[in-house]
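Biologist: Can you walk me through this model? Keep it short, please.

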Amino acid sequence: MTRAARPDQIVAPRTSDEVREAFLRFFEERGHMIIPGSSLIPQGDPTLLLTSAGMVQFKPYFIGEAEPPSRRLASCQKCFRTTDIDVVGDFKHLTFFEMLGNFSIGDYFKKEAIAWGWEFVTQTLRLPRERLRVTIFLDDDEAFQYWRDIGVPAEMITRCGEEDNFWGPAGETGPCGPCSEIHYDFGSEWSCRRPDCGPLCDCGRFVEIWNLVFTQYFQHADGRRTPLPKPNIDTGMGLERVAAVMQGVHSFYESEVFAPVVQRVCGLAGRQYGKDPDVDHAVKIIVEHGRAATFLVGDGVVPSNEGRGYVLRRVVRRAIRYARKIGLDKPFLVDLAGTVIGQMSNVYPELETNREFIYRVLQLEEERFGEVLNAGLSLLDKTVADVKSKGQRVIPGREAFTLYDTYGFPRELTAEVAQENDLTIDEEGFSAAMEEQRERARAAHRFSLSGKAALEVYQQIGQTTEFVGYEKLQEPSTVSAVLVDGQPVETAYQGQDAEIVLPVTPFYGEMGGQVGDQGEVRGQRGKLAVTNTVRPVPGLIVHQGRVVEGTISVGDPVEAEVDVERRLDIARNHTVTHILQASLRQVLGSHVRQTGSLVAPDRMRFDFSHFAAMSAEERGCVQRLVNERIQANLPVSSKVLSYKEAVAEGAIALFDEKYGDTVRVMEVGRPGVRLGRISAELCGGTHVSATGEIGFFHILSEGSIGAGLRRIEAVTGRGAEKYVSERLSAMDAIAAHLQTTAAELPQKVAAVTRDLEAERRRAAQLQQELSKREAECLLDRVTSVDGVAVLAAKVSVPNMGALRRMGDQLRERLKSGVIVLGAIVEGKPSFVAMVTPDLVSKGFHAGQIVRDVAAVTGGGGGGRPEMAQAGGKDAARVDEALQLVARIVQE
């Protein structure tokens with residue numbers, strides 16, 4: 001029989017692993033189900049940037065949208081808080097941290113949460129009671145009494161206002177309520193000595209180690225708070241803070257959580273931690289941000305200029321800048337990530353699984369920023385100096401935007417440098433420059449409604465259109481509005497461009513990247529050839545086209561018929577975007593997200609998040625995977641669900657996209673069929689009924705459209721057939737021209753290429769020999785100008801390289817002199833000037849000479865004192881320009 005240990009024999013957990021294990025075991029013993037932590041990318045909530053608290057994954061349980069597996073839950077959750085980026089480096093703020101939490105979903109409430117919290121910190125962690133302080137919400141007398149009931153003296157309890165002790169929702173809406181915190185007192189040696197020094201003081205004496213949130217309200221989008229059906233408990237204990245306390249150190253960075261990473265960074269930088277406060281501060285930021293970046297990438301975040309990707313880019317680039325400040329100029333992020341992975345992968349195995357992916361992303365981002373960092377810092381230093389020299393205190397917004405747009409400096413990084421120099425940024429000017437750029441982008445892509453109605457006119461129609469085009473491609477309807485030249489009319493006549501509105505239509509209006517339908521609207525008195533269908537205002541579909549027969553009038557009964565073949569081409573391309581995204585995620589990783597698309601009848605375009613160009617192998621693998629899924633003839637189906645149900649079933653939603661209460665889910669494949677369900681996305685577009693209808697998929701190109709963004713253009717169906725047919729015809733024509741077969745074309749082309757290369761080398765050798773002989777002849781034309789040997793001549797050469805080589809040969813033979821050669825290269829004047837070293841020492845400068853010579857032909861140039869080159873515009877004046885050389889030398 002095992003004898004239980006006496007309380008005084010219990011050894012308190014010390015390391016972070018021990019604290020984590022002790023916490024979860026403590027609450028498991030009290031009836032809590034241990035739930036694995038979720039990803040830093042929130043699942044099922046596209047409005048939330050990153051997981052910022054332990055309760056995020058439990059939000060549906062708290063608000064009654066889903067049934068929890070248990071009323072008592074506990075977890076250790078990876079968290080990231082963007083609000084703390086700028087204050088990282090102190091003793092209590094981190095961007096990435098582990099949150100230990102216990103949760104009650106309508107089960108226990110304040111009494112039990114307070115009692116268990118006190119029991120864990122005083123008996124399991126064995127922290128001295130006299131070192132602990134408690135805070136409560138201002139008027140929470142109930143919590144005050146529960147703390148008193150377990151023996152906490154009244155003088156150790158501080159009442160605080162809403163700013164400090166009321167916990168808001170994770171996101172725009174959600175559960176919220178008052179909270180009570182447990183703080184640890186490091187002792188009077190850390191005190192600011194002020195009479196009011198207490199748990200809320202930032203002097204460093206106190207640190208919050210546990211927050212007990214009593215979620216009893218729901219906060220609505222308009223700010224209202226209403227009571228929840230059942231109150232809940234949501235607690236959070238920062239693991240890194242507790243580990244530091246348990247190890248008797250004041251800073252995270254001195255605990256075993258961070259110490260190995262701190263040592264590694266100091267080793268790379270050749271610095272010693274604890275000797276210089278400025279170096280220590282930089283090391284803390286580098287270590288914290290590098291650790292955070294490792295976890296972000298490990299969960300699938302990739303750098304970009306918006307959303308989560310921008311957060312990652314910001315912390316990475318901030319870490320790189322601080323690394324430069326302590327002399328760490330060489331790449332270091334991969335090395336730092338390796339240390340983090342080695343230390344943390346026993347708890348988070350996804351770090352080891354994604355090790356190579358993490359390395360690749362961080363290496364590429366570090367290389368990209370490294371290429372522009374020095375230039376950007378130089379420009380920023382110059383800007384700071386200019387502002388200070390003028391006695392000003394604000395960096396112009398447009399200059400800050402140039403650093404952001406051209407050099408990749410996050411605005412916050414520029415603001416930080418400005419603050420270090422007691423300056424600020426013109427935020428309004430920055431925002432104005434950003435908006436101007438966005439407007440230019442919008443203008444470049446905006447659909448022009450020249451001669452069409454303004455939005456106000458569409459809004460005044462006051463009608464919505466029922467779309468029946470999922471099931472039907474032909475539908476009777478009645479004309480409810482007609483517009484010509486942007487104005488409502490009763491009748492449109494033959495030859496006029498017009499727009500008509502129908503209360504019911506099978507025509508798909510342009511939306512979600514899918515182009516609008518074309519077809520015909522026919523009535524007894526006329527016909528409209530529809531060339532485009534748009535949705536100018538929500539709920540309204542407008543048919544644009546030309547009246548090709550008779551008239552179309554308000555009230556006319558009509559038959560609306562979509563161009564079937566064109567619609568099928570569009571459907572093929574739209575369905576394949578879903579298959580493509582699933583295939584990209586399988587080959588490249590789950591970080592891939594659609595960022596835009598174009599679905600047209602002749603081609604499709606798919607924009608997605610990814611950090612590097614796809615290799616030929618990756619591209620081929622994706623193409624094969626898509627075609628395998630096409631050939632499997634998987635069913636394609638749709639269903640309408642509530643938004644929450646759709647996301648809960650794993651349907652992909654676009655981040656920042658606004659969805660209604662009900663959504664349409666498109667599924668490719670389904671459980672129980674070959675390959676299973678391969679894709680589920682929220683989508684309102686038109687699709688094929690089975691993947692076999694797509695026929696064939698071929699990638700035309702893959703390339704970058706911005707930082708962290710890639711674009712694939714491809715064809716399917718008839719478009720793919722046309723593409724393949726054209727390429728095969730071209731191949732046959734080339735084969736016939738080369739007098740070979742298509743099968744032997746690669747070998748024939750290789751042989752012809754080898755022969756051409758041999759002929760090019762032979763031609764180059766002949767050209768060099770000719771140039772050498774011409775140079776020998778030119779030596780007879782050397783003249784003396786005030787004792788200086790001068791050669792100015794027009795020569796015949798194929799390119800600038802040959803002109804320079806001829807100059808080198810002449811300079812070698814001449815030993816002392818000035819040489820200026822001119823030639824017509826590709827129809828334009830080209831010049832090269834050379835000066836021997838002895839004359840350079842006397843003040844002759846080839847760059848100045850060639851610039852004056854080229855100016856005669858309307859050109860310019862320059863270079864070093866011993867060699868320079870230039871170009872011109874007027875080939876007829878080359879001889880005149882060369883005649884100027886003697887006078888220039890004489891002067």
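The chat below goes from the whole chain to single residues.

Modeller: First, a caution. This is a predicted model, where local features need pLDDT of at least 70, side-chain atom pairs count only at pLDDT 80 or more, and totals for chains, interfaces and linings use all residues. Residues are numbered from 1 along each chain as its sequence is written, and side-chain values use heavy atoms, with hydrogens and water left out.

Biologist: Fine. How many helices and strands does the chain have?

Modeller: The chain has 26 helices and 35 strands. These are DSSP runs, numbered from the N terminus: helices are H or I with at least four residues, strands E with at least two.

Biologist: What does the chain span along its principal axes?

Modeller: The C-alpha trace spans about 110 × 90 × 60 Å.

Biologist: And what share of the residues is buried?

Modeller: Of the 891 residues, 50% count as buried. Buried means under 20% relative accessible area, exposed over 50%, and partly exposed in between (1.4 Å probe, protein chains only).

Biologist: New topic. Where is Ser-679 found?

Modeller: Ser-679 is in strand E27, residues 679–682. Is Ser-679 buried or exposed? Ser-679 counts as buried because its relative accessibility is 5%.

Biologist: What does Ser-679 touch?

Modeller: Leaving out residues up to four places away in sequence, Ser-679 touches His-578, Ala-582, Met-666, Glu-667 and Val-668. Contact means heavy atoms within 4.5 Å.

Biologist: Now Val-724. Which helix is Val-724 found in?

Modeller: Val-724 belongs to helix H20, residues 717–737. Val-724 is partly exposed, at 32% relative accessible area.
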